[in-house]
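My entries follow the structure shown here.

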Amino acid sequence: LPARLEENIVYTPCEFEHISLDLKLVFNNQKKITGFYFVPAKSAASYQKPAYDENTTYITKDIFVTTKNFSLPGILTLPAGKTNVPLIILVHGSGPGDKDETIGPNKIFRDLAVGLASNGIATLRYNKRTKVYPSSMNPDSVTIYEETLDDVTSAINLASSFSEINPAGIFVLGHSMGGMLAPKIAKENPSVKGIILLAANARPLQDLILEQTNYIFSADELTEKEKEQLHAIKKQVAASKSKTLSIKTPSNDLPMNIPAMYWMSLNDYQPLQTAAELTQKIFVLQGERDYQVTMEDFNLWKKQLGRKAGFKAYPKLNHLFIAGEGKSMPKEYDKPGNVAPELITDIAEWVNRQ
């Protein structure tokens with residue numbers, strides 16, 4: 001397939017043995033590479049609206065989440081005809097996600113927004129800074145603050161300004177890495193009433209990269225080349241967690257070729273401990289078929305938080321909280337599906353009880 005060009009970004013389709021991905025190269029105005037990512041391949045299939053998308057139950061407003069010179073387009077979804085409603089801010093996983101958290105033909109955040117609106121709950125979602133301003137971000141200095149945390153704080157401040165929203169009823173829902181960061185968001189923004197963790201990793205992100213790669217490679221017998229790749233990733237993971245890690249550590253010695261500053265910012269954060277210290281409400285949800293963030297992470301949250309939080313696992317749901325059968329693999333994400341209605345109902349009932 002041919003490469004795609006979008007402004008200063010080039011997407012090159014790549015076919016691996018077990019997965020299709022797009023190589024995303026971001027260039028600055030001097031035509032130097034400032035970003036290097038593997039992202040889900042653009043799917044030939046198209047998004048399908050869920051059965052619970054009843055457009056008479058909600059209205060949408062275009063908004064912008066602004067932090068310093070960064071202005072991120074987004075959408076406020078409101079239950080039609082209601083005021084003083086609770087609101088959930090939706091926080092992406094890793095990578096340059098759009099406001100719908102589009103993965104293949106699936107739009108996780110859009111599904112959540114329309115489903116929650118029909119249950120009387122507003123949502124705010126927006127394009128991630130790494131998607132809107134990739135060429136303006138210096139990869140050598142990006143931390144979890146520039147990638148995610150600063151803009152979530154701006155979104156929280158914006159949410160409380162809308163007349164339809166109950167300012168004392170603002171929640172944060174994080175998916176995947178966004179869920180892992182949710183306790184930190186709540187700690188730094190005490191006005192947040194509660195956090196909802198969807199497929200949130202309790203273990204370090206770099207450990208999951210190794211685990212996911214091993215899972216995909218192990219779908220059939222490991223080849224010598226795959227064994228070499230796993231060995232190289234193990235070395236990179238070890239380097240990213242080493243006490244000798246510094247800003248001078250070459251990025252090609254680290255997972256995903258991501259510079260040291262980013263890994264250092266993650267290493268400084270202990271999600272389980274931070275969550276245990278919170279006074280806000282916590283709800284942890286997990287798909288049992290998820291191979292990216294697994295039941296091991298869910299059980300770690302459960303062990304750490306105990307009665308302090310609510311928990312629910314769903315036997316048929318994958319990392320996108322879409323139902324399926326058998327072992328989940330990357331190609332499953334290429335099929336159109338929707339966030340399970342029971343997940344939306346559970347979130348809505350939990351929020352409305354708080």
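**Notebook: sheet and helices**

I took helices (H or I, at least four residues) and strands (E, at least two) as DSSP runs, numbered from the N terminus. The model is predicted, with local features needing pLDDT of at least 70 and side-chain atom pairs counting only at pLDDT 80 or more, whereas totals for chains, interfaces and linings use all residues. Residues are numbered from 1 along each chain as its sequence is written, and side-chain values use heavy atoms, without hydrogens and water.

I then checked the pairing within that unit. Strands β13 (residues 281-287) and β14 (residues 310-314) run parallel and are joined by five bridges; Gln286 has Ala313 of β14 as its bridge partner.

I next traced the open sheet of eight strands, which has mixed pairing and the order β5-β6-β10-β7-β11-β12-β13-β14 (strands pair if DSSP finds at least two bridges between them). Its edge strands, β5 (58-67) and β14, each pair on one side only.

I also examined β7 (residues 85-91) and β11 (residues 165-175), which run parallel with six bridges between them. Leu87 stands opposite Ile170 in β11.

Finally, I asked why helix α1 (residues 108-117) is described as largely enclosed by the rest of the structure. I found that 10 of its 10 residues are buried (under 20% relative accessible area, 1.4 Å probe, protein chains only; exposed is over 50%, partly exposed in between). Among them are Arg110 and Asp111.
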